[in-house]
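This report describes a predicted model. The structure is shown first, and the account of its chains follows.

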Amino acid sequence: MINTILIVDDSPVARRMLKTCIPKDKGYEIFEAGNGQEGFEKYKELHPDIVFMDLTMPVMDGYQATAKIKEFDKEAIVIVTTADIQPKSIASVMELGAFTLLKKPAKTESIQEAISKVEIKMKKLQEK
Amino acid sequence: MNQEASINFSEDEKDILQEIMNIAFGNATADLAEVVDIYVMLSIPNIQVIGIGELPFYLKDTIKDDGESSIVEQKFWGNFKGSGLLVFPSGSGKDLLAFLDDRADYHHEGTAAATLEKGGLLEIGNILIGACVGKVSELLSTFVTYSPPQVLQGKSSDYNYLIEHFDPLQTAIVMKTIFTFKEKDINGFLLILTNHESIDWLRKALHEFMGTYE
């Protein structure tokens with residue numbers, strides 16, 4: 001069951017856009033971080049069920065932050081949300097172990113579909 | 001009177017425009033990747049509101065022209081109106097052309113080499129400026145028409161020619177994105193300049209865009 005979501009993006013506007021795409025009736029607790037370093041620190045503190053991760057950020061970018069989170073917790077669910085949709089960028093984040101990559105701007109359908117896929121994965125893991 | 005204060009473009013509006021520029025340039029690089037095997041490392045866009053009278057100084061400072069820059073310029077018209085400038089180190093056109101056509105013969109000199117380099121710059125410029133401005137326009141629910149791109153090269157330290165269609169007493173919004181073509185280690189940047197008459201429309205369009213997320 002998904003309880004907590006962490007949004008990592010340097011753009012307050014992008015975080016606002018993404019938040020509006022997350023269903024409000026599920027009672028998710030949403031946390032935010034403004035760069036990859038802050039995102040990693042918050043991951044360690046909060047252990048969120050899903051991380052939405054931007055790629056191009058100051059201090060620590062999304063590639064490094066995803067790598068650090070996956071190193072800390074190999075089961076972490078990191079959904080990359082980015083404007084950088086070059087094939088090599090997509091391949092790189094998937095190699096790092098991202099759950100999926102969603103193209104910006106955030107769209108309600110794609111965000112909810114990704115959350116549903118995470119729910120299915122978590123359910124399957126619980127059934128094992 | 002400060003030109004920036006006079007048009008009252010808020011930090012929130014700048015943040016929205018920054019995110020839109022980020023999305024647009026990301027899409028433009030993906031479009032480029034469809035045509036050529038190139039990987040573009042992106043940076044966070046920077047948005048500034050500048051008096052047109054200050055723009056030549058801004059460009060001179062930003063481009064740091066010592067005769068070592070090549071600039072592709074493309075104008076666009078519509079509700080969203082202005083110029084796109086793609087700035088590369090001089091001489092990089094030949095490297096860029098090699099991405100576009102790996103069978104081409106680059107062992108030319110003089111005029112032939114300059115023509116080839118110009119061709120490479122124009123092609124990359126056309127894709128990146130067109131795709132970026134096009135995506136901004138799409139996100140803001142409008143459309144623009146373009147002039148053909150042109151290469152501006154040389155030792156000119158006077159950037160007035162870049163802004164000759166702007167009113168010097170008015171204000172422009174400058175959106176800047178720095179990028180690196182990783183394989184060739186070529187750094188460049190894209191500037192999108194919008195003129196004063198677009199600003200009221202732009203502000204309204206930005207709020208309508210965010211309104212779809214409320």
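## Terms and conventions

Two strands are taken to pair if DSSP finds at least two bridges between them. Helices (H or I, at least four residues) and strands (E, at least two) are DSSP runs, numbered from the N terminus.

Residues are numbered from 1 along each chain as its sequence is written, and chains are lettered from A and ligands numbered from 1 in the order in which they are written. In this predicted model, local features need pLDDT of at least 70 and side-chain atom pairs count only at pLDDT 80 or more, while totals for chains, interfaces and linings use all residues.

## Strand pairing in chain B

Strand β8 (residues 186–194) of chain B is bridged to β7 (residues 171–181) in the antiparallel sense, over nine bridges. B:Lys176 stands opposite B:Leu191 of β8(B). Four residues separate β7(B) and β8(B) in a hairpin, and B:Asp185 in the turn has a positive phi of about 50 degrees.

β8(B) is also joined to β4 (residues 82–89) of chain B, antiparallel, by six bridges. There, B:Leu85 has B:Leu191 as its bridge partner. Seven of the nine residues of β8(B) are buried (20 or more other C-beta atoms within 10 Å of the residue's own, with C-beta atoms placed from the backbone).

## Overall form of chain A

Chain A contains five helices and five strands, in the order β-α-β-α-β-α-β-α-β-α from the N terminus. Its C-alpha trace spans about 35 × 30 × 30 Å along the principal axes.

Of the 128 residues of chain A, 44% are buried.

## Helix α1 of chain A

Helix α1 (residues 12–21) of chain A is largely enclosed by the rest of the structure, because seven of its 10 residues are buried. Among them are A:Val13, A:Met17, A:Leu18 and A:Cys21. The buried residues of α1(A) pack against several elements of chain A, including β1 (4–8) and α5 (108–127), and against α2 of chain B.

## The contact between the chains

Chain B and chain A each give 19 residues to the contact, where two residues are in contact if their C-beta atoms, placed from the backbone, lie within 7 Å. On the side of chain B, α2 (11–35) and β1 (40–42) are the elements that give two or more residues. The largest share, 11 residues, comes from α2(B).

Key
Buried ≥ 20, exposed ≤ 12 C-beta atoms within 10 Å, placed from the backbone.
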